[in-house]
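Here is a friendly walk through one protein model. Have the sequence and the 3D view open as you read.

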Amino acid sequence: MNTETTQLKVGMVMDPIADIKPYKDSSFAMLLEAQRRGHKLFYMEPTDLFLKNGRPFAETAELKVWDRAQSDVTSQFYGFGASEETDLGSLDILFIRQDPPFNNDYLYATQMLELAETQGVLVVNKPQSLRDANEKLFASHFPDCIPPTLVAADAARLKHFIQDHLDVILKPLDAMGGASIFRVTAQDPNINVILETMTDHGRHHIMAQVYLPEIKQGDKRILLVNGNPIPYALARIPADGETRGNIAAGGTGVGVPLNERDHWLCQQIAPTLQKKGLHFVGLDVIGDYITEINVTSPTCIRELDAQYNLNIAGTLFDHLENHLKTQSTPAEPNGFQTMH
């Protein structure tokens with residue numbers, strides 16, 4: 001590991017950079033910050049990963065990035081240098097920032113990156129924890145923090161939940177950006193067909209949650225670095241006639257300071273995030289409750305940075321660089337690390 005010098009080798013596994021919106025992309029904010037610190041960037045897409053004789057490699061490209069305003073849609077915001085076959089074990093930090101769905105290809109990517117982790121690379125977030133922490137189901141580990149919730153495949157059981165709670169949100173377990181989310185009431189004449197379609201006639205589990213009217217004040221995205229919340233959240237306000245607050249579904253992002261309940265929710269999950277090596281997480285909060293815990297590619301860095309003059313990626317890199325130094329500190333013979 002290259003912890004003796006200022007420059008680190010930072011890899012980024014992400015969806016095609018040509019398709020992102022740089023003024024709002026959180027992965028791009030991380031790339032800008034890494035470059036500002038003088039680190040060397042290695043860009044790769046998931047299909048660039050491969051194993052050779054049990055070692056993880058990727059076809060990478062050296063990357064340079066330039067910040068661009070939202071109004072600047074013509075200037076190039078990235079450039080590639082030389083391509084090379086890179087032994088992933090030679091990197092210091094390796095981000096996996098691929099968007100859901102979490103399918104078999106994503107699973108295989110985490111397994112390959114786990115081999116890099118065994119060679120001392122700091123993979124963000126930890127591959128095993130990405131596999132363990134489904135973004136819809138992970139919140140169920142904190143039952144005091146979630147609204148009444150049912151996860152089931154059986155249509156009759158789901159329908160009974162709807163009849164009990166009258167107004168319910170239905171979600172698939174593997175989507176993002178508000179895709180395929182339905183709001184149904186006990187009187188909805190389409191309940192049966194919605195449940196049949198979403199569960200594929202009882203073959204797949206879905207999530208049902210009580211509708212929270214506080215969504216009208218926004219679905220708050222709280223960002224946490226090593227379990228510590230950024231003091232402001234982005235409240236994503238649904239568009240007129242829309243239930244979903246997701247920016248991808250037309251919601252408007254408005255910054256708000258965290259309240260006492262928000263801090264309490266973060267405190268409940270922080271020890272688990274730290275234990276699992278989930279260094280950067282996005283918590284979705286409506287009213288008093290957590291609805292999702294996003295661990296694959298949480299967003300909203302750039303919006304909060306712009307509204308509050310923050311540098312969230314800088315906070316993240318401060319943590320990661322300190323983590324590397326701590327991990328590289330040699331242990332004393334009694335098993336305790338030397339303190340400096």
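Which residue just after H1 takes a positive phi? Glycine 38 does, with a phi of about 85°.

## About the model

This is a predicted model, in which local features need pLDDT of at least 70 and side-chain atom pairs count only at pLDDT 80 or more, while totals for chains, interfaces and linings use all residues. Residues are numbered from 1 along each chain as its sequence is written, and side-chain values use heavy atoms, with hydrogens and water left out.

Helices (H or I, at least four residues) and strands (E, at least two) are DSSP runs, numbered from the N terminus. Helix H1 covers residues 26–36, and nine of its eleven residues are buried, so H1 is largely enclosed by the rest of the structure. Buried here means under 20% relative accessible area, exposed means over 50%, and partly exposed lies in between (1.4 Å probe, protein chains only). Among the buried residues of H1 are Phe28, Met30 and Glu33. At the N-terminal end, aspartate 25 caps H1, with a side-chain oxygen 3.0 Å from the backbone nitrogen of serine 27.

Further along, aspartate 48 lies in the loop between strand S2 (40–44) and strand S3 (49–52). Aspartate 48 counts as partly exposed because its relative accessibility is 24%. Its C-alpha atom is separated by 5.2 Å from that of alanine 58, ten residues apart along the chain.

## Aromatic rings

The structure holds nine aromatic pairs. Rings of Phe, Tyr and Trp (its six-membered ring) pair if their centres lie within 6.5 Å; planes under 30 degrees apart count as stacked, over 60 as edge-to-face and the rest as tilted. Phenylalanine 102 and tyrosine 106 make a tilted pair, 4.6 Å centre to centre with 45° between the planes. Phenylalanine 102 is partly exposed at 32% relative accessibility, whereas tyrosine 106 is buried at 1%. Phenylalanine 138 and phenylalanine 142 form an edge-to-face pair, because their planes are at 70°, with the ring centres 5.8 Å apart. Both phenylalanine 138 and phenylalanine 142 are buried. Ring pairs also link Phe28, Tyr43, Phe77, Tyr78 and Phe80 into a cluster.

Two charged side chains sit over rings as well (NZ of Lys or CZ of Arg within 6 Å of the ring centre and within 35 degrees of the ring normal). Lysine 52 lies over the face of phenylalanine 57, 4.7 Å from the ring centre. The charged end of arginine 183 sits over the ring of tyrosine 211, 3.6 Å from its centre.

## Cavity and pocket

On a 1 Å grid over the protein atoms alone, a cavity is a set of points where a 1.4 Å probe fits but cannot get out, and a pocket is an open set with protein on both sides within 12 Å along at least five of seven lines; lining residues have an atom within 4 Å of a point. The structure holds one cavity of 30 Å³ or more. The largest cavity has a volume of about 50 Å³, where a volume is the space filled by probe spheres set on the points, which are joined across faces, edges and corners. Its lining includes Met30, Phe95 and Arg97, and strand S6 (residues 93–97) gives the most to that lining, with three residues.

The second largest pocket has a volume of about 220 Å³. Of its twelve lining residues, the closest to the centre are Tyr23, Lys24, Gln70, Arg302 and Glu303. Helix H7 (residues 301–308) supplies the largest share of this lining, four residues.

Notes. A polar contact is a pair of N or O atoms within 3.5 Å; within protein, one must be able to donate a hydrogen and the other to accept it, and residues adjacent in sequence count only if both atoms are side-chain atoms.
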